[in-house]
Amino acid sequence: HWVLSPRIRQQVRLPRQNLITEVRGAGPFDLVLCRNVVSAFDPSTARAVLEQVAGELAPDGYLVMGAYETAAHHSPCFRAVPGLRGLYVRDPSHRAVA
């Protein structure tokens, strides 16, 4: 139900990244779509991936995870956006790994 204006659409980049090896230095990202992925990792890998994503996310950026995944269970780098299941922002009180 969402349509981007042509002006914004020209600015959108959809790179595919290997979350384990290719995240550092790839950002900053305004939006990271990571739906139903992190739950497949063991807890230490999930935490490492989310910390790297947090380090590459723009300060006002968003992380989208699956509706039943929770970034907070894996990393203190993110906090949930109230009322929007699966949407996260960086927790400003947590220093992300850069």
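Which residues of H2 are buried? In this predicted model, where residues are numbered from 1 along each chain as its sequence is written, local features need pLDDT of at least 70, side-chain atom pairs count only at pLDDT 80 or more, and totals for chains, interfaces and linings use all residues. Side-chain values rest on heavy atoms, with hydrogens and water left out.

The buried set in H2 consists of Ala46, Val49, Leu50, Glu51, Gln52, Val53, Ala54 and Glu56; buried here means under 20% relative accessible area, exposed means over 50%, and partly exposed is in between (1.4 Å probe, protein chains only). Helices (H or I, at least four residues) and strands (E, at least two) are DSSP runs, numbered from the N terminus.

Gln52, placed in helix H2, counts as buried because its relative accessibility is 12%. Leaving aside neighbours within four places in sequence, Gln52 is in contact with Leu19, Ile20, Val23 and Arg24, contact being heavy atoms within 4.5 Å. Glu51 counts as buried as well, at 14% relative accessibility, and pairs with Arg47 in a salt bridge whose closest N and O atoms are 2.9 Å apart. The structure holds one salt bridge, meaning a side-chain nitrogen of Lys or Arg within 4 Å of a carboxyl oxygen of Asp or Glu. Arg47 and Glu51 are four residues apart in helix H2, so about one helical turn separates them. An α-helix has 3.6 residues a turn, so residues three or four places apart point the same way. Arg47 is partly exposed, with a relative accessible area of 38%.

Now for the nonpolar side of things. The largest nonpolar core has 17 residues, and those with the most contacts inside it are Val32, Val53, Leu63 and Phe78. Strand E1 (29-34), helix H2 (43-56) and strand E2 (57-65) each give two or more residues to this core, with the largest share, five residues, coming from H2. Such a core is a set of buried Ala, Val, Leu, Ile, Met, Phe, Trp, Tyr and Cys residues joined through side-chain atoms within 4.5 Å.

Leu4 lies in the segment before helix H1 (6-9) and is partly exposed, with a relative accessible area of 44%.
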